[in-house]
Amino acid sequence: MGTRRLIRALGLAGIGVVGTYLLAVRPWHRRWGTTDDEATGWLPGDDFVAEADVSSTRAITITAPARAVWPWLVQLGQGRGGFYSYERLENLFGLQIHNADRILPQHQRLDVGDEIRLGPPGSGAPSFRVAFVDPERSLVLSAPGWETGESPATWTFALHEVAPGATRLVVRFRGRSETLRERAMNRLVVEPVQFAMERKMLKGIRSRAERARASPTGGRHR
């Protein structure tokens, strides 16, 4: 009887933890740092994913103009400027990420169709393609299929100057689960991990852009 009660108590506690996460924590982290308008407003790429059931919009204020933030976005990717997140953790999984602390001239151009890898070729890590580029305003990365409007996921980066020398960086992820099991995994496992990594990325971009703005070279090597 004691064992049964313990199992029942643990089960109820687990249900309580999951319920608290879904009802309180998840809504908070899915729109971390955003205003109401940013969380619900339209962004480029929103129409690329039909029936998205996984979505998040996060934002941060950067004390720098959009033109000073853009170079850090355009060089995102494995084998490029990295993702400005938890590099050591990423590399524990063999992703070979190296976060740049300067603007890389060789990675300052993106064209529609260019590949942005999350890990090295052959690692099994997914990759995105550039679906839309509006320099110094927005960048949309999409999983395969965006050309036909059937993409399973998009990752949008938008810049909005809110004052002279101040920019809002808004990042939105939209995805579609194919099965109930995949939906549960996305909500309970993938989303929390993505939040932790994406929040670190936003802060990493902010620190680099603000530091580069204060530097005589603007983050570029002479």
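R129 lies in strand 3 of the predicted model, where strands (E, at least two residues) and helices (H or I, at least four) are DSSP runs numbered from the N terminus. With a relative accessibility of 35%, R129 counts as partly exposed; this class falls between buried, under 20% relative accessible area, and exposed, over 50%, as judged with a 1.4 Å probe and protein chains only. R129 and L141 are separated by twelve residues in sequence, and their C-alpha atoms are 5.5 Å apart in space.

Because this is a predicted model, local features need pLDDT of at least 70 and side-chain atom pairs count only at pLDDT 80 or more, while totals for chains, interfaces and linings use all residues. Residues are numbered from 1 along each chain as its sequence is written, and side-chain values use heavy atoms, with hydrogens and water left out. The mean pLDDT (the predictor's confidence in each residue, from 0 to 100) is 87 for the protein, and 84% of the residues score at least 70. Among the elements, the lowest mean pLDDT, 65, belongs to helix 1 (residues 2–30), and the highest, 97, to helix 3.

The protein contains five helices and six strands. From the N terminus on, their order is α-α-β-α-α-β-β-β-β-β-α. Of the 222 residues, 44% count as buried. Contact is defined as heavy atoms within 4.5 Å. Among contacts between residues at least 6 apart in sequence, 63% join residues at least 24 apart.

Helix 3 (residues 66–74) is largely enclosed by the rest of the structure, because seven of its nine residues are buried. The buried residues are A66, V69, W70, P71, W72, L73 and V74. Their cover includes strand 1 (54–62), strand 3 (127–134), strand 4 (138–142), strand 5 (153–163), strand 6 (166–175) and helix 5 (180–214).

In soluble globular proteins, nonpolar side chains tend to be buried together. A nonpolar core is a set of buried Ala, Val, Leu, Ile, Met, Phe, Trp, Tyr and Cys residues joined through side-chain atoms within 4.5 Å. The largest such core here has 37 residues, and those with the most contacts inside it are I62, L73, L141, W155, F157, L169 and I205. At least two residues of this core come from each of strand 1, helix 3, strand 3, strand 4, strand 5, strand 6 and helix 5. Apart from neighbours within four places in sequence, I62 is in contact with V69, G165, A166, T167, L169, I205, R206, A209 and E210.

A nonpolar patch on the surface is formed by M185, L188, V189, V190 and V193, which together have about 400 Å² of accessible area. Patches are made of residues with over 30% relative accessible area and no salt bridge, like charges being joined within 9 Å and nonpolar side chains (Val, Leu, Ile, Met, Phe, Trp, Tyr) within 5 Å. M185 is placed in helix 5 and counts as partly exposed, with 43% relative accessibility.

The structure holds ten salt bridges, each a side-chain nitrogen of Lys or Arg within 4 Å of a carboxyl oxygen of Asp or Glu. One of them joins D46 and R172, whose closest N and O atoms are 2.7 Å apart. This pair links distant parts of the chain, 126 residues apart: D46 is in the loop between helix 2 (36–40) and strand 1, and R172 is in strand 6. D46 counts as buried at 15% relative accessibility, and R172 is buried with a relative accessible area of 5%.

A salt bridge also forms between D101 and R208, with the closest N and O atoms 3.0 Å apart. D101 lies in the loop between helix 4 (87–92) and strand 2 (115–117) and R208 in helix 5, so the pair ties together parts that are 107 residues apart in sequence. D101 counts as exposed at 52% relative accessibility, whereas R208 is buried at 10% relative accessible area. D101, R208 and R211 are linked in a network of salt bridges. In the salt bridge of R176 with E178, the closest N and O atoms are 3.5 Å apart. R176 is buried, with a relative accessible area of 18%, whereas E178 is exposed, at 53%.

How values were computed: Areas by Shrake-Rupley, 256 points an atom, 1.4 Å probe, with all protein chains shown as cover.
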